[in-house]
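Visitor: I am new to this structure and would like a close look at one part of it. Could you take me to the place where the ligand sits and tell me what surrounds it?

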Amino acid sequence: MNIIVFDDYEQVSRAAAEIFAKVLARKPNAVLGLATGSTPLGMYRELIRRHKKEQLSFARMTTFNLDEYIGLTPDHPQSYRRFMQENLFSQIDIPPENTHVPFGNIPNEQFDSYDTFCDYYESEIAKTGGIDVQILGIGSDGHIAFNEPGTPLDSRTHVVALTEQTIRDNARFFESIHDVPRQAITMGVGTILEARKIVLLATGKNKAEAIRGAIEEQMTDQNTASALQNHPDTTMILDHAAASLLRQKK
Ligand code: GLP
C-alpha cells in the first residue's frame, strides 16, 4: 500500500483529483468507481473546477457508485443518487446514461428483487471491462462502501444491515437518527478489490483507529478496509489526524 499524508483536507482533495485527472488523460473512456460521504466532496469540487477552468472532460467516462440506502427513492434528499447528481454529475459533462448508482427502491419498474439487481450491477461493471480507478472513504469502524464488520472479504454486491455505529455516524445528514435507513445495498469487498487502482481518502481523528487497523493489523473481516492490504495498487491519502495512530509515521 502506498500511503501519503498531507497537512489538510484541501491537499488531500487536490491529490485525489489529480490521480483521477491523470487516469482520464490516459484513458478518456475510463470507468470510475465513485463514493459518497463528506470525505470525497473536496475532490469532486476540484474535479468540477478543473472541468470548468481546464476543460477536463468526463464525456466518455462511465461511473459506478459503491452503495445506496435501502428505502430511499433516487430523488430523496439523502439518497446517494441525489448526492451524486448535486455534487458532481450535474456540474460536469458526463452523459446521465453513463452513471450508475445502485437502486434503493426495489421493487421498481425495472427490477423485481434486490438479488436480480445485484447480479445486474455486477454484470454491468464486468461489461465495461472493470473499474479503472475506485475512490473510497472509510467508516469509523473500518467499513468500505457499506461493508460492515463481519462482511466476507470475497463478497459481491449485496444487501446489508447497517451497524448502530454507522447509523449514529450518518445521522448528521438526517433530521433525526430515526430517519436513517437501517439497510443498504453495496458493492462487496470482492467487487471493490477487482478495481485496477484504488484510492482511499481519510481525514480527521474519527478515522484514525480504523486507518491504523486497516494498515497495521492483520487482515480481518472486522475492518473491511484491511482487505486492501491484498490489492496490488492501493493508495491511501490521509491527513495528519487520520494518520495519527500509525506506528510508523509517514
Ligand atoms: C458511508 C458510506 C461510505 C463512506 C462513509 C464515511 O458509510 N457508505 O462509503 O466512506 O460513509 O463517510 P464520511 O466520508 O462522511 O466520513
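Predicted model: local features only at pLDDT ≥ 70, side-chain atom pairs only at ≥ 80, totals over all residues.

Guide: Let's start with the ligand's neighbours. There are 13 residues around the ligand, and the ones that come nearest are Ser38, Thr39, Asp67, His143 and Lys207. Sorted by class, this shell has four nonpolar, six polar and three charged residues.

An N or O atom in the side chain of Lys207 is 2.6 Å from an oxygen atom of the ligand. For the side chain of His143, the distance from an N or O atom to a ligand oxygen is 2.8 Å. Ile138 takes part through its backbone, where an N or O atom lies 3.2 Å from an oxygen atom of the ligand. Taken alone, the ligand would expose 390 Å², and the protein buries 95% of that.

Next, step back to the space itself. The ligand takes up the largest pocket, whose volume is about 540 Å³. This pocket is lined by 31 residues, with Thr36, Gly37, Ser38, Tyr80 and Asn170 nearest its centre. Three elements, β4 (67-69), α3 (80-87) and α5 (164-170), each give two or more residues to the lining. The largest share comes from α3, with four residues. By class, the lining of the largest pocket has 13 nonpolar, twelve polar and six charged residues. Ser38, then, is among the residues that come nearest the ligand and also among those nearest the centre of the largest pocket.

Notes
Residues numbered from 1 in each chain as written. Heavy atoms only, no water. Near = heavy atom within 4 Å. Polar contact = N/O pair within 3.5 Å; in protein donor to acceptor, adjacent residues only side chain to side chain. Areas by Shrake-Rupley, 256 points an atom, 1.4 Å probe, with all protein chains shown as cover. 1 Å grid on protein atoms, 1.4 Å probe; cavity = no way out; pocket = protein on both sides within 12 Å on 5 of 7 lines; lining within 4 Å. Sits in = over half its atoms within 2 Å of the grid points. Nonpolar A, V, L, I, M, F, W, Y, C, P; charged D, E, K, R; others polar. Points joined across faces, edges and corners; volume = space filled by probe spheres on them.
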